[in-house]
Amino acid sequence: MWDMDRWQEIGHTLSRHKLRTGLTAFGVFWGIFMLVLLLGAGNSLKQGAIDRFSGNTNTLYIWIGSPTQYAYKGFAKGRRVDWNIDARDMLRKKLEGAQTVVEINELGGWQAEQYIVHGKRSGTFVARGTHPEVAINSGYAPIKGRFVNANDYAQKRKVAVLGVEVYKQIFEPNEDPVGQSIKIAGIHFMIIGVYQSVIASENSYRDDSRILIPNSTLRTAFNQTEYIGSLRIKPKNGVSAAEVEEQALTLLKEYYYVHPQDTTAFGYYNTEKNYMKVVALFNGLNAFSWFVALGTLLAGVIGVGNIMLIVVKEKTREIGLRKALGATRGSIVGLIIQEALVITALAGYIGLVTGVAVLELFAVLLIKFDIPGFGVPSIDFTTAILALVLLIISGLLATLLPAHKAAAVNPITALQDD
Amino acid sequence: MISLEGIHKHYTSDSRRLHVLKGVNLSIDDGEMVSIMGSSGSGKSTLLNILGLLDTYDQGAYQLGDTAISAGLSEVKAAQLRNRFIGFVFQSFNLLPFKSALENVALPLYYQKIGRKARNYRAEKLLDLVGLGERTKNMPNELSGGQKQRVAIARALITDPRMVLADEPTGALDSATTDDVMAVFKEVHRTGKTIVIVTHEHDIAEQTERLILLKDGQVER
């Protein structure tokens, strides 16, 4: 129930010692502000790190590595595995945990740049084979036209999707490239779309500087029918890439007569492993942020408790008088608790709002200056509510001792102070 | 009627047990104005605290009107009874410095959960009664000693108590102001209130109907 008298008294007590109240409140403000800021910054870094995976959080890549380490089944040590499209077909049949197994080729070898011509403009870019599902799983979005579809792949159409940086270099601004033709290594391709990485990261420029063509077309048009550059394996839902990695390597070693203990014949990269490492790292950072911020908050709340002890000491005579006039222990305890809660809740709320405002400001600056490597700094609603609840509980705990002391004031002793 | 029969009170100080009240027998009629005198250490403050339900007694019986006050009275019950039956006036006034005269007077009614309007209405009436009808909004630091004590008397009366206990009410006042304050007490007495004044001043005691003299923890006369 609204009790105007009590609020007036609280207002009076707090305003009588403005500096003291202000400094006490600042301790709580700083604790919750730091909590919001640290968690928001942690989330931003985490999101930035996760974005670097461009949606590939559970994908396995395999390629041919170094020469074999062991002699095995009649083959000498130091042999380089000569794989081909059969490896893809074998894995498609035998690899139970895989949802898709696709081969990826690049024109001229890995990361080799090709001379690309459009009319009078030209440039050198990587031309990579792609598959319809890669767009969904790699974080690419068409900004003009469309992406490579199943028909393009099946019919080996000579179509190309340009990365936005390629488009900027070989087309006039505002020129519609869709339906126009470009020459890749002397062969004409029709442009069907322009893509851009969905998530801005430090890899965006590299990703947006490629030309993607159906891998089936690339293999046929550029005489790579049997050759494969690498394999991209997407596990089925609920299956971990680590599991698929072990199965795939075992199958490939068996198929190409590589010793089971050989660790270098095939190179591989499991995005899930790195993704989990990043997630674990940032979860640790998050826990540390909570620890540091809660420590700061605790110091602030202890400050409140300490000040309330001083307030009770100062008010001993007043409390004694109130008791003599009929105040019960409950009303005295209520007054002290309410006073402490006003400081903690108000300062905490201001800290929360300021923290969120600062995070918003950072978010605007990150977007304005296009700084890669960071996600939007923010904290979720549940965390904000949790922080407030923690604040209120700790505020209550900090007041228990002063409130107990206030309740124990003996009116006889208090009124005899003079 | 207020009656004490065979009241004993002990205190322990520095591991010594002090027998402060040694079987006090006392009765005060409704509407009587009495004074309690005694030398330092005679037990008059302890007696006042027991009468005012600020302290409990160890042995004996205390009857406050129709209510029997038990030796082991709980703190909550004592607070309720104090609020309803007893008004206090202290030597150093004990007004809350951040509340106006009106708010100070109304304070005991706050603990009876009476609404602000009703509290202020009754407080205004009482400030009128003690001659401070024009000073309701003044803060304590804007009042003289005598005015502060009159505010304290008004506060003691606001719950319409059975008894007003005044502990050295004129101890901090000059003689002219003392007369003013005693005039207020007499005026209040005329309305039928029981008034108990603890004092060490004979001329104050002489203005009451009866003097109770305490000596070594017992009523001498």
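This is a predicted model: local features need pLDDT of at least 70, side-chain atom pairs count only at pLDDT 80 or more; totals for chains, interfaces and linings use all residues.

A: Start with A:R88. This residue is buried, because its relative accessible area is 11% and buried means under 20%. A:R88 has a charged partner, A:E103. Their side chains meet in a salt bridge, at 2.8 Å from N to O. The two ends sit in distant parts of the chain. A:R88 belongs to helix 3 (residues 85-94) of chain A. A:E103 belongs to strand 2 (residues 98-104) of chain A.

A:R88, A:D89, A:E103 and A:R219 are linked in it. Over all chains, the structure holds 22 salt bridges.

Now take another pair in chain A. The side chains of A:K315 and A:E339 form a salt bridge, at 3.4 Å from N to O. A:K315 lies in the loop between helix 10 (271-314) and helix 11 (316-324) of chain A, and A:E339 lies in helix 12 (residues 329-368) of chain A, so the bridge ties together parts that are 24 residues apart in sequence. Both A:K315 and A:E339 are buried.

A further salt bridge crosses between chains. The side chains of A:K323 and B:E75 meet at 3.2 Å, N to O. A:K323 is in helix 11 of chain A and B:E75 is in helix 2 (residues 75-85) of chain B, so this pair joins two chains. The two ends differ in cover. A:K323 is buried, with a relative accessible area of 3%. B:E75 counts as partly exposed, at 39% relative accessibility.

Chain B also carries a patch of charge. B:D174, B:D179, B:D180, B:D203 and B:E206 form a negative surface patch. One of its members, B:D180, lies in helix 6 (residues 175-190) of chain B. B:D180 counts as partly exposed, because its relative accessibility is 42%.

Back in chain A, look at A:T413. This residue is in helix 14 (residues 411-415) of chain A. A:T413 is partly exposed, with a relative accessible area of 48%. A:T413 and A:T316 are 97 residues apart in sequence, and their C-alpha atoms are 9.1 Å apart in space.

Last comes confidence. Chain A has an average pLDDT of 86, and 96% of its residues score at least 70. Among the elements of chain A, strand 6 (residues 159-163) has the highest mean pLDDT, 94. Helix 4 (residues 132-138) of chain A has the lowest, 68.

Technical notes. Residues are numbered from 1 along each chain as its sequence is written. Chains are lettered from A and ligands numbered from 1 in the order in which they are written. Side-chain values use heavy atoms; hydrogens and water are left out. Patches are made of residues with over 30% relative accessible area and no salt bridge: like charges are joined within 9 Å, nonpolar side chains (Val, Leu, Ile, Met, Phe, Trp, Tyr) within 5 Å. Accessible areas come from the Shrake-Rupley method with a 1.4 Å probe; for residues, only the protein chains shown count as cover. A salt bridge is a side-chain nitrogen of Lys or Arg within 4 Å of a carboxyl oxygen of Asp or Glu. Lys and Arg count as positive and Asp and Glu as negative; His and the chain ends are not counted. The place of a charge is taken as NZ of Lys, CZ of Arg, CG of Asp or CD of Glu. Helices (H or I, at least four residues) and strands (E, at least two) are DSSP runs, numbered from the N terminus. Buried means under 20% relative accessible area, exposed over 50%, partly exposed in between (1.4 Å probe, protein chains only). pLDDT is the predictor's confidence in each residue, from 0 to 100.
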